[in-house]
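Please work through the exercises below with the sequence and the structure at hand. Each task is followed by a solution in steps.

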Amino acid sequence: LIPCFVISTDIAFSCQNTDDFVGASSPGDIVIGGLFAVHSEMLHPEENPIKPVIQNCAGFEIQIFLQTLAMIHAIETINNSTLLSGVTLGYEIYDTCAEVTKAMGSALRFLAKFNSSKDIVEFKCNYSDYVPRIKAVTGASYSEVSMAVSRLLALQLIPQVSPASSAEILSDKIRFPSFFRTIPSDFHQTRAMAHLICESGWNWIGVIATDDDNGRFALESFGVQAMANNVCIAFKEMLPAYLSDNTFHTKVDHAIEKIVKETRVNVIVVFMRQFHVLKLFKKAVERNVKKIWIASDNWSAAVKISTIPNIRQLGTIVGFGFKSGDISTFQDFLRNLHEKPTDNNKFLHEYIMLLSVCAHLEYHDFQTCISNQSQDDLLQNVENKHQIWRDGFLNANIEPGFIHSTILAVYAIAHAIKGQCKDRNCKDPSAFTPWELLEELKKVTVIDDGKEIKFDSNGDMSTSYDVLLWKEIDGHMEITTMAEYDPEKGDFIFEDEEKKKEFLDLKKVQSTCSQHCRPGQMKKVTESPHTCCYECVYCPENHYSNQTDMDYCYRCNNKTYWAPVNSTTCYRKTIHFLAWTDWFAIFLLLLSAFGVVLVLSISVIFTKNLNTPVVKASGGLTVCYIILFSHFLIFLSTVFFIDEPTEFKCKTRQALFGISFALCISCILIKSLKILLAFSFDPKLQNFLKCMYKPIPTVVTCTGIQVTICTFWLIFRTPFVKQNFSIPRAIILECNEGSIVAFGIMLGYIAALAFICFIFAFKGRKLPENYNEAKFITFGMLIYFIAWIVFIPVYATTFGKYLPAVEIIVVLISNYGILCCTFLPKCYIIIYKEETNTKSAFLKMIYTYSSKSAGSVAVSQISLDSKSSSSRATISDSCKAEKNSVNGNCHFQVPGQRLIKGEVLPKNAARTMARKRLSSI
């Protein structure tokens, strides 16, 4: 659009009567009203008017003038078609001058009673049968005016179809029941703006709007959409709605100052009318302000703004315009416009006057000339100039979206009239009432560019938007279509990759309160009231962010993942367990393998020396094999502690170890009892040991108790595989014992058996020097106790994959200790002391021990008898006193001790005792 035509029409176009109030008109069977802001402001010669006179207007708007011509063209096209079957449409178009006051005066004329000699608006309780001057209204140009007019027209439910009023509030059918529009609601426009800003990576913007209903509602709607897209509004500037406001220029200066001051704000959203934007941009060019400007549909395609000198200095302008259709017939209409009469079209007459004054100038100077003409100059120049038509000027200033929506509005009304005229004679204007036409309009479907479109329940037509980009081509600012915005899908549609690249280029401009937080960071809100002002901090450990400007970091979704500080993703934790390939596991396995070899070697040695006294003295081959087999199982159980734990391994390893150890200790316990029984001289102890010494039942009972403990453990609180998450970046697979109590009972039972065994072995520690098995058993039990006493605190304080190794070590130590102490001394005798591994050698050894033992017992008993008889006889005296002449030998009969089978001790008591002990072991 060209700049505003600022002229005064006090004389030429003053309103003397109501007909002078009409800007353009044409008779018809059915008359349609039109409300358009052909002028941008009303003249107010008096600051406080005394009389209620409707003032004249100034500032000719080419773009709105073109909309009036589009309405006239659409009506003429319909009249020349068969759409209404002989019924002609008339029109009365009024200039609102962009003010509610002037528009309300026009609306009153619409409400006047039809075919009345005077413009009378009747007051009635029921307007059902009332026939007003017009049947429907097209307009108004601005939402604020439409709100006021719609409330007045709603009194008689006169349909109002606006091609330009986009305020979201007008969709409220309770407050505006008769309002329709052929464009989308501002809800879609503000959402599209917020989407564009968010997609471009901007979150710190400014907004400038007019201080009227339209501006405030647009600002409120945009604020909601911006908040939903995490976009913050740094400042809001409201400019007066009317150019006649004395504070207008001051507030424009203040808005420009605010824009310049906010250096971090590089994107400005502008919800204003074209003449407001014109004033703002001229001032911005003077201050050399360079930003990205987001244009609302009011001025996004304004040619007169795009032709401002040095407009390119303002930066980039992106706007949203209404989707256009085919307007080629209207362009032909404009080319033939100079042939039209101007008697019934004051707007056309005024336009021709302006052309005549400035026709001799070039294009740019032509616009400047028109904008600076005063009333006196205009009237004087018109008298001296011939009418000159400037071809192509109107076509060059067309805003296709507004023209298309205006034509669409007229056609929607025409289709509704057609629906009413099916069974009625519409030559008669009283054939139907406006409220009946309103009901028909709700059902209307219009074919536009091959598509069926209709009004939704809110009275809106959800057509799409064109995303417009102003760019310099050949030294001129051209308004091009960059993309299409689909309100239903809420997405942008690009024609080709070049258009998409233009959109992506917008992202190069930064407009943020804070720097963008990279992936791996999150926002930390500062003391600023805006959420867009923040600091960027690293995501803590086990948290991550994978997008820009995230409000918080995601926690790694479960315990099987981890993340370092400043991470953009989570990593799967490493599974740890004591694997076969681990050097420590290999070492322990070698020790276990060596133990197995040792067990097999001992078995071979004992098998080859089956009939020797050493093997016999060890309890015989059967007992030795049982003990060696239990040692083998204990070594074997260590294998179940290595590699990835499974349910089977967890259940098997403790049960196998516990039962095997119990079997081993039970057999050694029997050996301890047997040794103690053979070499004990205490009658009471011998009687007790004889009662206790039941080898097979004892072993079965002792081992069976352990089997019972393990069975109950496996049934009720069975061990299971557990994932240990105590290490930040790893998962330790380990066996949970299921019940620490059951585990303790199992180990405690083994310890109890070992303690009993230790006591019995300790009792027999003073065996013959060369037959020292009890002493070695005692030492083996001590090794066992030490190992497991140390194990308890170490096991309780150790964690990680080497925890099973601790248990393996203690099992190996205790097993090796018992095995070596039990069998290696005997193997040493078998291999290196063969001379002592004979029956005579054992008899001699036991004879020597028995001689000492017998002498000790006799001395002890004699001392006791001497005390009882108060005598102090010597050993030899006692012998003489008790001497029996059996083969001349001295025999002892110890008081209180019965001779075996009542026999008298043989000549050599020690030898006889030795033979008996040898046979017993």
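## Helix packing and cysteine pairing

Helix 4 and helix 5 are oblique to each other. The model under study is a predicted one.

**Exercise 1.** Determine how helix 4 and helix 5 are arranged, and which residues make the contact.

*Solution.* 
1. The axes of helix 4 (residues 186–199) and helix 5 (residues 213–228) come within 9 Å, and they cross at roughly 45°.
2. Angles of 65 to 115 degrees would count as roughly perpendicular and those under 35 degrees as roughly parallel; the two helices are therefore oblique.
3. The crossing of helix 4 past helix 5 is right-handed.
4. Helix 4 contributes D186, F187, T190, R191, M193, A194 and I197, while helix 5 contributes N214, A218, S221, F222, Q225 and A226.
5. Sorted by class, this contact holds 7 nonpolar, 4 polar and 2 charged residues.

**Exercise 2.** Characterise the disulfide of C650 and C735.

*Solution.* 
1. The sulfur atoms of C650 and C735 are 1.8 Å apart, and a pair within 2.5 Å is a disulfide.
2. The torsion about the S-S bond is about -75°, so the link is left-handed.
3. C650 belongs to helix 20 (residues 647–679) and C735 to strand 27 (residues 730–736); the pair links distant parts of the chain, 85 residues apart.
4. C650 is buried at 0% relative accessible area, and C735 is buried at 10%.

Definitions and conventions. Residues are numbered from 1 along each chain as its sequence is written. This is a predicted model: local features need pLDDT of at least 70, side-chain atom pairs count only at pLDDT 80 or more; totals for chains, interfaces and linings use all residues. Side-chain values use heavy atoms; hydrogens and water are left out. Axes are lines fitted to C-alpha atoms, for helices over the stretch in contact, and angles run from 0 to 180 degrees between N-to-C directions. Helices (H or I, at least four residues) and strands (E, at least two) are DSSP runs, numbered from the N terminus. Angles under 35 degrees count as roughly parallel, over 145 as roughly antiparallel, 65 to 115 as roughly perpendicular and the rest as oblique. A crossing is left-handed if the near helix is turned anticlockwise from the far one by less than a right angle, and right-handed if clockwise. Contact means heavy atoms within 4.5 Å. Ala, Val, Leu, Ile, Met, Phe, Trp, Tyr, Cys and Pro count as nonpolar, Asp, Glu, Lys and Arg as charged, and the others, Gly among them, as polar. Buried means under 20% relative accessible area, exposed over 50%, partly exposed in between (1.4 Å probe, protein chains only).
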